Amino acid sequence: MSEVELAYQVGQAVEVTVADVAQGGWCVARLEGLPVIFVRHALPGERVIAQVTEVTSRFARADATEILEASADRVEPPCPNAHPGGCGGCDWQHASLPAQRALKGAVIAQQLRRVAGLDLDGEITVEPLPGDEPAGSGLGWRTRVQFAVRPDGVAGLRAHRSHEVIDIGDCPIAHPAIRDLGLLDHVWEGAGTVEAAVGSVGPDDPGQPDRAIILTKGGRRAQGGRHEQGGRQAPGGRQAPGGGPGTGGAHPGRGRGTTVRSEDRVELFPQEAVDAVEADAVLIRTGPKVTPLHGRQYLAQFAAGRHWQVSAGGFWQVHPGAADTLSEVVLGALEPKPGDTALDLYCGAGLFAGVLAPVVGPDGAVTGVESDAAAVKDARANLSGYPWAKVRRDDVSAAVADAGLPAARLVVADPPRSGLAREVVDYLTGDGAAERFAYVSCDPATLARDLGLLMAGGWHVDGLRAFDAFPMTHHVECVATLTR
């Protein structure tokens with residue numbers, strides 16, 4: 001039995017004074033001579049009763065169930081489900097927005113110092129995005145939400161580090177256009193998840209943004225417990241199939257696209273619940289494939305002064321102000337000039353390639369690399385006005401390793417949370433690589449790891465900006481500028 005297992009047991013309550021913030025929405029607490037405890041629902045400097053929820057061989061995890069001495073930064077969570085044992089989607093609802101940003105800045109600095117040996121001058125300021133200034137609520141920003149569905153058809157969000165689906169009834173951080181769909185008012189028996197996504201419109205666009213829902217069929221991973229037979233009234237007052245307010249329809253002028261046979265709809269999902277949702281498109285996800293029941297397969301997005309086509313099931317920055325801000329920051333980091341050559345790795349729907357292309361012009365070249373077929377289709381559509389901008393469908397690791405990419409002076413990468421593939425690091429640190437690199441990251445730990453490797457390979461970090469693209473959660477978006 002380890003020292004931690006001897007010191008702590010699940011369910012044990014201990015009184016601790018919380019110290020520093022840690023990566024992942026935790027704070028650190030230490031009792032003299034005992035292993036470290038990572039505590040949720042606490043803030044640095046607070047004295048709390050922490051109930052142990054998990055014991056590993058090296059540390060324990062706990063929830064702050066009683067606040068004995070509160071921080072001045074503590075506020076009442078705006079969501080009634082943000083508490084120990086409640087929804088696990090948010091980490092910092094009990095902290096004021098300025099405090100949340102300070103905590104995120106501290107985590108970034110901590111990771112850079114410990115992992116990369118990089119100590120940037122001064123504190124790292126986490127900047128609010130447009131729409132969250134000057135003193136926004138931190139709510140209503142999330143333009144894509146995936147709800148898990150219990151076997152009885154109730155949709156909700158999972159508890160922290162658990163498969164349990166919490167019947168939340170509402171999600172205050174969801175975009176108003178998603179909340180207005182009323183997905184949580186219906187029973188979705190037969191579905192594994194119900195996902196909603198909303199597009200965006202330009203200042204001169206008439207009408208409302210596109211809204212789509214995406215359903216996956218129920219299965220082992222979607223189930224949160226023993227199957228129970230549901231009646232006409234589900235827990236939380238939800239309407240069972242047949243009790244919806246009417247039939248949803250597309251906005252005028254928007255095509256309804258491909259239609260799946262009605263018998264397939266009924267077999268997979270409750271037809272009445274699908275029809276009751278006022279979405280522009282309803283789609284079915286089967287593995288990587290997304291098939292429309294009705295409506296278009298993509299959402300219209302507006303950013304960087306133009307419209308973009310983005311597959312309903314594809315990646316797009318989830319905060320309404322993020323795509324605009326990040327594209328501007330990436331251009332500032334790379335400083336492109338007419339005739340430049342640029343590479344956009346993990347390019348998705350082509351946002352960064354699309355803002356680089358008009359700057360480098362027809363005497364330059366932009367190449368995007370993306371493995372997802374739907375994203376490649378979107379990117380090619382979004383770059384169709386720039387013949388000198390191409391998109392290569394390939395795994396990024398394979399693309400940089402086979403020496404088939406054109407030489408590029410500028411590189412931007414926006415990888416998944418796992419960070420840069422090692423082959424990408426090798427490519428960037430190899431002979432004849434780029435001169436300027438913009439690294440867009442949503443994870444301070446993998447960012448720090450990769451910056452350490454890049455600095456060892458001859459790169460210099462010229463600057464880093466951080467943005468609160470995920471208020472109420474521990475997540476944060478960073479853009480690092482590197483030069484050779």
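**Barrel**

Five strands form a closed barrel in the order 1-2-3-5-4, with mixed pairing; strands pair if DSSP finds at least two bridges between them. Neighbouring strands of this sheet are turned by 55° against each other on average, with direction ignored. Strands (E, at least two residues) and helices (H or I, at least four) are DSSP runs numbered from the N terminus.

Val 28 has Phe 38 in strand 3 as its bridge partner.

**Basis of the model**

The model is predicted: local features need pLDDT of at least 70 and side-chain atom pairs count only at pLDDT 80 or more, whereas totals for chains, interfaces and linings use all residues. Residues are numbered from 1 along each chain as its sequence is written, and side-chain values use heavy atoms, with hydrogens and water left out.

**Nonpolar cores**

The largest nonpolar core has 72 residues, of which Leu 183, Trp 188 and Ile 213 touch the most other members. Apart from it lies another core, of 37 residues, including Leu 343, Val 400, Leu 405 and Ala 448. Such a core is a set of buried Ala, Val, Leu, Ile, Met, Phe, Trp, Tyr and Cys residues joined through side-chain atoms within 4.5 Å. Buried means under 20% relative accessible area, exposed over 50%, and partly exposed in between (1.4 Å probe, protein chains only).

**Gln 111**

Gln 111 belongs to helix 2 (residues 97–116) and is buried, because its relative accessible area is 11%. Leaving aside neighbours within four places in sequence, Gln 111 is in contact (heavy atoms within 4.5 Å) with Gln 23, Ala 116, Pro 444, Ala 445 and Ala 448.

**Packing of helices 6 and 7**

Helix 6 (residues 322–334) packs against helix 7 (residues 351–360) at an angle of about 50°, their axes 10 Å apart. Helix 6 is therefore oblique to helix 7. Axes are lines fitted to C-alpha atoms, for helices over the stretch in contact, and angles run from 0 to 180 degrees between N-to-C directions; those under 35 degrees count as roughly parallel, over 145 as roughly antiparallel, 65 to 115 as roughly perpendicular and the rest as oblique.

Residues of helix 6 that meet helix 7 include Leu 326, Val 330 and Leu 334, and those of helix 7 include Phe 352 and Val 355.

**Positive phi**

Most residues other than glycine have a negative phi. Tyr 346, not a glycine, has a positive phi of about 55°; Tyr 346 is found in the loop between strand 18 (341–345) and helix 7.

Met 472 likewise has a positive phi, of about 80°, and is found in the loop between strand 23 (460–467) and strand 24 (477–483). Met 472 counts as buried because its relative accessibility is 4%.
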